Amino acid sequence: MLKNSGFYKLRFFITPEELKRVVELLEPTQVRYYLTNYTHTEHDQNQVVEAYRAFYQYYTAAEKESGVRPFFIYSMSVLPDTESFGFFARNEGISIPYHGQWAENELPCILISCPKGHRVNAQDEQGEYYLYEDVREHKPLSYALYKEITGSIQKMTKPLRFSAQDPEAMEEQKPSVRISRAAAEDLSNSWMVRQYGLVIHGQSGPD
């Protein structure tokens, strides 16, 4: 029994083409992608990849585009015929030290998460209640799929490391984010890196 659910998590930044390869791993699960808006709009695989492409290109462009920056947020329903479980993916930001404080903009990454707990309804003499039990026991196929997805991302990435060209900035930044070689190269040529004088190290050192 778990006291609370919690999540398995992986943060990463890869190219749209690399994300497409990851998404293709989900095809056999009959995955369904939903936006987290009021209408719970469903997207197909191509729409998901294109939504990520817009997100990716905004941050890796040489010049910052005007207007609203794109988001990438999906709830994912997998294995509807067997376990009916879900993952969650959303964009997050990586803080940038700048003149002794944090910059207005943040480096991009995607968080994919899987609940550690499976909610189980129970009852005793005091009435009905619920508790969380290990998802690996209740949803073994879903957990194995999550490990396959995150494992494929880990194989194509290394820990992100970056530093700022600012005498008041902290030393090399070591966020819990992984980045692919191609994405690190694209990010190195972006407007944000130039604006804040960053150096992306992305692919050096051990995993």
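Here is a short chat about the cavity and the pocket in this predicted model.

Visitor: What should I know about the model and its numbering?
Guide: Local features need pLDDT of at least 70, side-chain atom pairs count only at pLDDT 80 or more, and totals for chains, interfaces and linings use all residues. Side-chain values use heavy atoms, with hydrogens and water left out, and residues are numbered along each chain as its sequence is written, from 1.

Visitor: How much space lies in the largest cavity?
Guide: A cavity here is a set of points on a 1 Å grid, over the protein atoms alone, where a 1.4 Å probe fits but cannot get out. Points are joined across faces, edges and corners, and volume is the space filled by probe spheres set on them. The whole structure has one cavity of 30 Å³ or more, and the space in the largest is about 140 Å³.

Visitor: Which element supplies the largest share of that cavity's lining?
Guide: Lining residues have an atom within 4 Å of a point, and elements are DSSP runs numbered from the N terminus: helices (H or I, at least four residues) and strands (E, at least two). β4 (73-78), β8 (107-115) and α4 (140-155) are among those giving at least two residues. The top contributor, with three residues, is α1.

Visitor: Which residues lie nearest the centre of the largest pocket?
Guide: A pocket is an open set with protein on both sides within 12 Å along at least five of seven lines. This one holds about 160 Å³, and β5 gives the most to its lining, three residues. Of its 13 lining residues, the nearest to the centre are Y59, R69, G93, N105 and E106.
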